[in-house]
Amino acid sequence: QVQLVESGGGLVQAGGSMRLSCAFSGRTFIRYHMAWFRQAPGKEREFVASIDWSGRRINYSASLKGRFTISRDNAKNTVSLQMGSLENEDTSVYYCAARETGDQTYGSWGQGTQVTVSS
């Protein structure tokens, strides 16, 4: 089964940057599309960004206004999220998710990593 382990969260000042990483194991990485979601306290989980198996098709939540960049390294089985110009509203638990090609939903999730933006 797929295992996903996020890393890189923590405390950052507003306006700063942070990079999250997700290590994938258990299956063949290039068979999976990857995504980042986040969930703030008291709110529903929301989509942040996704990247297809090849790295060529990328989608972002419009609310991010171009501040985040998703990427993947198929040689290292990792997916990353580079976050810039962080705002208090970006404070959330960030989750890495995997969707096997041909599936409609993300069936594998990491445990999440906390990102806290302070003003």
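**Cut-offs applied: salt bridges, rings and core**

Biologist: Why is R31 called partly exposed?
Modeller: In this predicted model, R31 has a relative accessible area of 42%. Buried needs under 20%, and exposed needs over 50%. The value 42% lies in between, so R31 is partly exposed.

Biologist: What makes R31 and E100 a salt bridge?
Modeller: The closest N and O atoms of R31 and E100 are 3.0 Å apart. The limit is 4 Å, so the pair qualifies. R31 is in the loop between β3 and β4, while E100 is in strand β9, 69 residues away. E100 has a relative accessible area of 24%, so E100 is also partly exposed.

Biologist: How do you know that R57 and D52 form a salt bridge?
Modeller: Their closest N and O atoms are 3.8 Å apart. That is within 4 Å, so the pair counts.

Biologist: Are R57 and D52 buried or exposed?
Modeller: R57 has 61% relative accessibility, over the 50% cut-off, so R57 is exposed. D52 has 9%, under the 20% cut-off, so D52 is buried.

Biologist: What makes D90 and R67 a salt bridge?
Modeller: Their side chains meet at 2.7 Å, N to O. With the limit at 4 Å, the pair passes. D90 lies in the loop between β8 and β9, and R67 in the loop between β6 (58-60) and β7, so the bridge ties together parts 23 residues apart in sequence. Relative accessible area is 1% for D90 and 14% for R67. Both values are under 20%, so both residues are buried.

Biologist: How many aromatic pairs does a search of the whole structure find?
Modeller: Five.

Biologist: Why is the pair F24 and Y32 called tilted?
Modeller: The ring centres are 5.2 Å apart, within the 6.5 Å limit, so the rings pair. The planes meet at 55°. Stacked needs under 30 degrees and edge-to-face over 60, so 55° is tilted. Both F24 and Y32 are buried.

Biologist: Why is the pair F37 and Y106 called edge-to-face?
Modeller: The planes of F37 and Y106 are at 75°, over the 60 degrees required, so the label holds. The ring centres are 5.5 Å apart. F37 is in strand β4 (32-39), and Y106 is in the loop between β9 (92-100) and β10 (108-109), so the pair ties together parts 69 residues apart in sequence. Both residues are buried. F37 and Y106 also belong to one aromatic cluster with F47 and W109.

Biologist: Which charged end sits over the ring of Y106?
Modeller: That of R99, 5.4 Å from the ring centre. The distance limit is 6 Å. R72 does likewise over the ring of F29, at 4.1 Å.

Biologist: How do you know that T91 reaches the backbone oxygen of N88?
Modeller: The T91 side chain reaches that oxygen at 3.0 Å. The limit for a polar contact is 3.5 Å, so the pair passes. T91 lies in the loop between β8 (78-83) and β9.

Biologist: How many residues has the largest nonpolar core?
Modeller: It has 26 residues. M34, W36, L81, M83 and Y94 have the most contacts inside it. Among the elements giving two or more residues are β5, β7 and β11. Strand β3 gives the most, with four.

Terms used:
Residues numbered from 1 in each chain as written. Predicted model: local features only at pLDDT ≥ 70, side-chain atom pairs only at ≥ 80, totals over all residues. Heavy atoms only, no water. Phe/Tyr/Trp six-rings, centres within 6.5 Å; stacked < 30°, edge-to-face > 60°. Buried < 20%, exposed > 50% of the residue type's maximum accessible area, 1.4 Å probe, protein only. Lys NZ or Arg CZ within 6 Å of the ring centre and 35° of its normal. Polar contact = N/O pair within 3.5 Å; in protein donor to acceptor, adjacent residues only side chain to side chain. Core = buried A, V, L, I, M, F, W, Y, C linked by side-chain atoms within 4.5 Å.
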